[in-house]
Amino acid sequence: MQLLRIDFLGRELRLEGSMAGWQALYWDNQLVSQHSASADPSVTPVHQFTLQSGEQLIECRLHIELEWQPFNLGYQLFINDELVGESRLNEKDIEQQEVVNRPKAPNKISLIGMGSLALKLFKSAKVIKVLFVAGSLAAYTWLFSLQFAIALILCLVFHEYGHVRAMKSFGLKTKGIYLIPFVGGLALSDDKINTRWQDVYISIMGPFYGLVLSLACLAVYWLTGMELFAGLAVFNALLNLFNMLPVLPLDGGHILKSIAFSVNSVAGLVVCILGAILGVLVSYTFGMALLGFLLAIGSVEILFEWKRRHYSDLLPLDRYGQIVSGLWYSLTVGGLCAVIWLVGQTENEALSLPLRILAS
């Protein structure tokens, strides 16, 4: 992951590192020093390198003090034994860093690469947004009614808006919201995240916004008696509860993956596999073909996470972050279940509408 990125002699000095025990220092995208570091905070790595300015050689040293949990990085930068810069960074500083030019393995032609290219083309075509909105409106109108289709799209947009707001809170550039007929929505960002906490926060804010909207719709239903709002309340709850399943690439899968991989890579793999098994059971029991399709995508993501376990680009959650993430996940799931239970106590058709689309 990118630990440090500062200006040095008019060019970028960037430090990459991993909890697995390595550090690499780049100046103007050229490797100038490598260090077989240790996760032991008592070890102080020193990067020594020489730069040439005209005919003059400049001796440089970068002293690093690094603690992973809680994250704390201190550095001192010397030129010819003269201190020219020093500072300390914490997790908040890492979250605000723009991630650029990470070292990459040689590209190979693969389905994943082709899919990535297709996604970039998909994101660059703004007209796709309009077409997908129209397609979603037509699809849901055909299934239900125009009135419910409009309300349903607003609910999907509200869910994705939660993701977008979370991205913007970290200073990430967003591409906006895409609606996909019969599937839901997608919020996209141009930037990469730096920490597991960003992954948790961005993933959970969509369902959390959905929970808030479900509670608001439920309150309107209690005040007015209009069954449309009861249907919207329970659909929001079911939609977001579906997203909170511990299955990749759903929001719940990303949350629990980040928590588990922050413990260790074995725990991360076990949680991802158990989530996939749960997804298979849910898909078979409720006849959700969409979930089966998502499981195939999630399997690729699990494989990628395992292969990259020793070179993760993301700063792991500390113990406090793991506890907060787990509690937030549990409370959100509990709130969504409570909305469904409350609507289920009323004798109306509110539950039948959302179940039809989830089973399709």
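User: In this predicted model, is G321 buried or exposed?

Analyst: The model is a predicted one, and G321 is found in helix α10. The cut-off for a buried residue is a relative accessible area under 20%. G321 has 8% relative accessibility, so it counts as buried.

User: How many Å lie between the C-alpha atoms of G321 and P70?

Analyst: G321 belongs to helix α10. In sequence, G321 and P70 are 251 residues apart. In space, the C-alpha to C-alpha distance between G321 and P70 is 9.6 Å.

User: How are α7 and α10 oriented to each other?

Analyst: Helix α10 covers residues 319–344, and its axis comes within 10 Å of the axis of α7. The two axes cross at roughly 155°, and the crossing is left-handed. Angles over 145 degrees count as roughly antiparallel. The orientation of α7 and α10 is therefore roughly antiparallel.

User: Helix α7 also packs with helix α5; what is the hand of that crossing?

Analyst: Helix α5 spans residues 196–224 and helix α7 spans residues 251–263; their axes are 8 Å apart and the packing angle is about 155°. That angle makes α5 roughly antiparallel to α7. As for the hand, the crossing in which α5 passes α7 is left-handed.

User: Which term describes the orientation of α4 to α5?

Analyst: Helix α4 consists of residues 146–169, and its axis comes within 7 Å of that of α5, with a crossing of roughly 140°. This angle makes α4 oblique to α5. The hand of the α4 and α5 crossing is right-handed. The term for the orientation itself is oblique.

User: How many salt bridges does a search of the whole structure find?

Analyst: Among the salt bridges are those between R5 and E12, R14 and E12, and E16 and R14. The search of the whole structure gives a total of six.

User: Which peptide bond is cis, and what is its omega?

Analyst: Most peptide bonds are trans. A cis bond joins L248 and P249, and P249 lies in the loop between α6 (227–243) and α7. The omega of the L248 and P249 bond is about 10°.

User: What value does phi take at D28?

Analyst: Most residues other than glycine have a negative phi. D28 is found in the loop between β3 (22–27) and β4 (30–35), and it counts as partly exposed because its relative accessibility is 34%. D28 is not a glycine, yet its phi is positive, at about 55°.

User: In which loop is N80 found?

Analyst: N80, a residue other than glycine, has a positive phi near 50°. With 42% relative accessibility, N80 counts as partly exposed. Its loop is the one between β7 (72–79) and β8 (82–90).

User: How far apart in space are E65 and P45?

Analyst: E65 lies in strand β6, residues 56–67, and is partly exposed, with a relative accessible area of 40%. E65 and P45 are separated by 20 residues in sequence. Their C-alpha atoms are 7.0 Å apart.

User: What accessible area does the nonpolar surface patch of V266, V270, I273, L274, I277 and L281 have together?

Analyst: One of the patch residues, L274, lies in helix α8, which spans residues 265–286. L274 counts as exposed because its relative accessibility is 53%. Together, the patch residues have an accessible area of about 550 Å².

Notes
Residues are numbered from 1 along each chain as its sequence is written. This is a predicted model: local features need pLDDT of at least 70, side-chain atom pairs count only at pLDDT 80 or more; totals for chains, interfaces and linings use all residues. Side-chain values use heavy atoms; hydrogens and water are left out. Patches are made of residues with over 30% relative accessible area and no salt bridge: like charges are joined within 9 Å, nonpolar side chains (Val, Leu, Ile, Met, Phe, Trp, Tyr) within 5 Å. Accessible areas come from the Shrake-Rupley method with a 1.4 Å probe; for residues, only the protein chains shown count as cover. A salt bridge is a side-chain nitrogen of Lys or Arg within 4 Å of a carboxyl oxygen of Asp or Glu. Helices (H or I, at least four residues) and strands (E, at least two) are DSSP runs, numbered from the N terminus. Buried means under 20% relative accessible area, exposed over 50%, partly exposed in between (1.4 Å probe, protein chains only). Axes are lines fitted to C-alpha atoms, for helices over the stretch in contact, and angles run from 0 to 180 degrees between N-to-C directions. Angles under 35 degrees count as roughly parallel, over 145 as roughly antiparallel, 65 to 115 as roughly perpendicular and the rest as oblique. A crossing is left-handed if the near helix is turned anticlockwise from the far one by less than a right angle, and right-handed if clockwise.
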